[in-house]
Amino acid sequence: MFDIVTKLAAGLAVLVLGTGPAAAEARLDPMSALAGRPAGANPLDPMAAIRARADAGAARAGNEEFGGLPDGAGAEETYYQCVACHSTEIIKQQRVTDHRWDELWTWMVEAQGMVEPEPETKALILTYLKTNFSSER
Ligand code: HEC
């Protein structure tokens, strides 16, 4: 009887321990934040990941021709619609919600006298702004 209990306990231990490595793999990888670090970067340097992200930002510096607005559908339309009154800097520094872009548009038209373009152009520009200067994505 005692022998059976010992064998059962041993079997149970093997089962429990056997799941160990698999369970560890499923856990969140704490090093994933460093995944984008440049090749050759010291993996023990806690700032490596941040520097890698800064480089990623520089890659989309924007198109000089359109006041530094990042390339994409609507960049040109946005440039000509908006620089009539102010530079693109005021746009590039924004990180706001979709709803806030809609509000800003209305404010620009109603309070600042911005001319409303064709509905398709308005949709194109708002989509461009919401895609590139968003706090939501
Ligand atoms: C008719 C003139 C006019 C046009 C055209 C115009 N704006 Fe403006 N905009 C203004 C004025 C005036 C301000 C206020 C500037 C200030 O605060 O000194 C402003 C401010 C802003 C601000 C800052 C708002 C804040 O929270 O302070 C943003 C963002 C902005 N404009 C985006 C745009 C975008 C995007 C376009 C093109 C779709 C555009 N504007 C077109 C007149 C205009």
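**Figure 1. The classes of the residues in the shell around the ligand.** By class, this shell holds 10 nonpolar, five polar and no charged residues. Here Ala, Val, Leu, Ile, Met, Phe, Trp, Tyr, Cys and Pro count as nonpolar, Asp, Glu, Lys and Arg as charged, and the others, Gly among them, as polar. The model is predicted: local features need pLDDT of at least 70, and side-chain atom pairs count only at pLDDT 80 or more, whereas totals for chains, interfaces and linings use all residues. Residues are numbered from 1 along each chain as its sequence is written. Of the 15 residues around the ligand, C82, C85, M108, Q112 and M114 come nearest; a residue is near a molecule if its C-beta atom, placed from the backbone, lies within 6 Å of it. Two or more residues of the shell come from each of α4 (75–82), α5 (89–92), α6 (98–110) and α7 (119–132).

**Figure 2. The protein chain as a whole.** The secondary structure comes to seven helices and zero strands, and along the sequence the pattern reads α-α-α-α-α-α-α. Helices (H or I, at least four residues) and strands (E, at least two) are DSSP runs, numbered from the N terminus. Buried residues make up 8% of the 137 residues in the protein chain. A residue is buried if 20 or more other C-beta atoms lie within 10 Å of its own, exposed if 12 or fewer, and partly exposed in between, with C-beta atoms placed from the backbone. Of the contacts with a separation of 6 or more, 47% join residues 24 or more positions apart; two residues are in contact if their C-beta atoms, placed from the backbone, lie within 7 Å.

Figure 3. The 14 residues of α7 should span 20 Å at 1.5 Å a residue, and the end C-alpha atoms of α7 are 20 Å apart, which agrees. The expected span of a helix is 1.5 Å times one less than its number of residues. In α7, the residues I125, Y128, L129 and N132 are buried. They lie on the same side of α7, because they cover an arc of only 95° around the axis; the arc is that of the directions from the helix axis to the C-beta atoms. On the other side of α7, P119, E120 and A123 are exposed. The buried residues of α7 pack against α4 and α6.

Figure 4. A75, T78 and Q81 are the buried residues of α4. Their arc around the axis is only 135°, so they are on the same side of α4. These buried residues pack against α7. The largest nonpolar core has five residues, namely L69, A75, I125, Y128 and L129, and α7 gives the most to this core, with three residues. A nonpolar core is a set of buried Ala, Val, Leu, Ile, Met, Phe, Trp, Tyr and Cys residues joined through C-beta atoms within 7 Å. Leaving out residues up to four places away in sequence, Y128 touches G72, A73, G74, A75 and T78.

Figure 5. C82 is found in helix α4, while A84 lies in the loop between α4 and α5. C82 counts as partly exposed because it has 19 C-beta neighbours inside 10 Å. A84 has 8 such neighbours inside 10 Å and therefore counts as exposed. C82 and M114 are 32 residues apart in sequence, and their C-alpha atoms are 8.5 Å apart in space. A84 and M114 are 30 residues apart in sequence, with 8.9 Å from C-alpha to C-alpha. Apart from its neighbours within four places in sequence, C82 is in contact with T88 and I91.
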